[in-house]
Amino acid sequence: MKLLIILSATIRGGAEAYALTIARAAAAQWETHMALPYTEGNASLRQDLAINQVTTHRLDIAEPNSRGLRAMGDALVRLLRTLLVLLTVKPDVVLINLPWADHCLGSIVACGLVKMPTAAVFHLLPPDNIPLSGVRRRLYAWARMRHQQWVTNSEANRHLLADLFAMPVSDLLCIYNGTQLPTSLDWSTDAIAHVRQQVRQELHLSIAARLLLTVGRLAPQKGYADLIAIIPSIVEAYPDVVFIWVGEGEQRQDLQDRLQQAGLDRHVMLLGHRTDLPRLLQAADLFLFPTRFEGHPFALLEAMAYRLPIVSTDASSIPEVMDHQVHGLLCRTGDRDDLLQSLDWALQHPEQMQQMAQRALQRVQQFSQATMIEKTLNMLQALSRPMRSPVAVNSPLARDQPLPSIA
């Protein structure tokens with residue numbers, strides 16, 4: 001079987017990590033291709049794809065910031081570019097990886113035009129609905145009826161997606177993101193102490209420094225502004241605390257400027273994209289996740305798998321993964337006072353936080369990478385034979401509709 005994965009993202013984040021994981025697993029049994037924009041921000045992703053024998057194709061479908069007629073014109077261009085890649089690769093099935101809910105309309109419609117079996121995976125939806133014109137809504141609905149299965153990664157997003165596109169919840173498949181447990185690591189006290197010391201030396205920090213790790217794109221969605229607001233109170237009360245931020249994004253320069261203006265730059269280290277995240281997870285004292293909304297965050301699952309105490313917001317699907325004061329602390333989304341109080345309590349009660357981390361380790365085993373891969377590849381296999389193997393109850397795969405009027 002030949003699989004084509006389509007991406008629109010120009011940077012590397014959680015949605016792209018998902019695509020790489022699925023591509024790597026698929027390449028072990030199928031001929032696997034990935035089409036995506038070629039940018040500096042995703043260069044490392046393309047390198048990893050090549051290492052895993054995934055053939056890449058340039059597909060310039062990054063979403064511009066446009067609305068109205070111009071947006072429809074942009075979507076038409078991306079549709080034509082997608083058709084060209086489909087004609088070149090001739091896949092048996094396509095997976096469209098959407099980092100944002102209203103991305104990839106051109107690619108979704110292109111697959112609908114040629115009745116290509118397609119899975120559209122929606123990773124991220126804001127809690128407030130994205131504005132969709134009547135034309136776009138009809139185009140999405142038409143494409144969905146032509147051998148497409150739409151998928152999302154949490155029950156919270158499943159209901160948001162159904163509301164956004166005015167479609168039955170039962171037509172949407174939920175496959176939770178999953179992570180691997182680091183079973184091969186040495187978890188002895190001496191081994192962990194060595195990693196902690198080594199990382200602090202590399203970062204030119206005191207051996208006694210307490211590292212509060214945050215992993216995510218540098219974007220407003222991730223709640224860094226809320227974090228900046230509470231840092232002065234934390235570092236005043238706990239001078240040994242250092243905030244470590246891992247990730248890249250469009251807000252990097254703005255965040256650096258804010259930190260410098262507030263005199264906080266010496267308390268916060270922006271490390272950018274890192275290939276040694278497991279070492280950082282082992283070396284950190286606490287995982288801090290002030291996000292405003294999520295799909296089903298890989299970063300949080302990884303922190304749980306690495307036995308790291310967690311303070312997070314209760315945004316989106318996070319309560320589907322963690323229970324407050326059982327697996328970690330959940331504060332109210334966007335509530336800076338609650339975030340400050342939760343972090344203060346966590347820093348004062350390390351033993352209780354470690355107990356929660358052990359329970360989180362047991363909980364995260366219900367969200368395994370193996371299960372995510374198996375369910376996704378089974379779905380793609382079924383999609384390639386839609387008449388014989390329906391994917392879900394009330395699946396729209398076998399339906400066929402004429403192109404909708406855009407009047």
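Biologist: Which arginine lies over the face of W187?
Modeller: This is a predicted model. The distance to the W187 ring centre is 4.2 Å. The residue over that face is R307.

Biologist: Which residue lies over the face of W150?
Modeller: W150 belongs to a cluster of ring pairs with F122, Y140 and F165. At 5.8 Å from the W150 ring centre lies R144.

Biologist: What is the angle between the planes of Y140 and F165?
Modeller: The count of aromatic pairs comes to 10. In the pair Y140 and F165, the centres lie 4.8 Å apart. Planes over 60 degrees apart count as edge-to-face, and this pair is edge-to-face at 65°.

Biologist: Is Y140 buried or exposed?
Modeller: Y140 sits in helix α5, 25 residues from F165 in helix α6. Buried means under 20% relative accessible area. Y140 has 0%, so Y140 counts as buried.

Biologist: Why is helix α4 described as largely enclosed by the rest of the structure?
Modeller: The helix covers residues 105–113. Among its buried residues are L105, I108 and C111. Helix α4 is largely enclosed because the buried residues number eight of the nine.

Biologist: Which backbone nitrogen lies 3.2 Å from a polar atom of the S133 side chain?
Modeller: S133 lies in the loop between β5 and α5. At 36% relative accessibility, S133 is partly exposed. The nitrogen 3.2 Å from its side chain belongs to R136.

Biologist: Where does pLDDT stay under 50?
Modeller: The protein averages a pLDDT of 92. Where pLDDT is low, the coordinates should not be read in detail. The stretch under 50 is residues 387–400.

How values were computed:
Residues are numbered from 1 along each chain as its sequence is written. This is a predicted model: local features need pLDDT of at least 70, side-chain atom pairs count only at pLDDT 80 or more; totals for chains, interfaces and linings use all residues. Side-chain values use heavy atoms; hydrogens and water are left out. pLDDT is the predictor's confidence in each residue, from 0 to 100. Contact means heavy atoms within 4.5 Å. Helices (H or I, at least four residues) and strands (E, at least two) are DSSP runs, numbered from the N terminus. Buried means under 20% relative accessible area, exposed over 50%, partly exposed in between (1.4 Å probe, protein chains only). A polar contact is a pair of N or O atoms within 3.5 Å; within protein, one must be able to donate a hydrogen and the other to accept it, and residues adjacent in sequence count only if both atoms are side-chain atoms. Rings of Phe, Tyr and Trp (its six-membered ring) pair if their centres lie within 6.5 Å; planes under 30 degrees apart count as stacked, over 60 as edge-to-face and the rest as tilted. A charge sits over a ring if NZ of Lys or CZ of Arg is within 6 Å of the ring centre and within 35 degrees of the ring normal.
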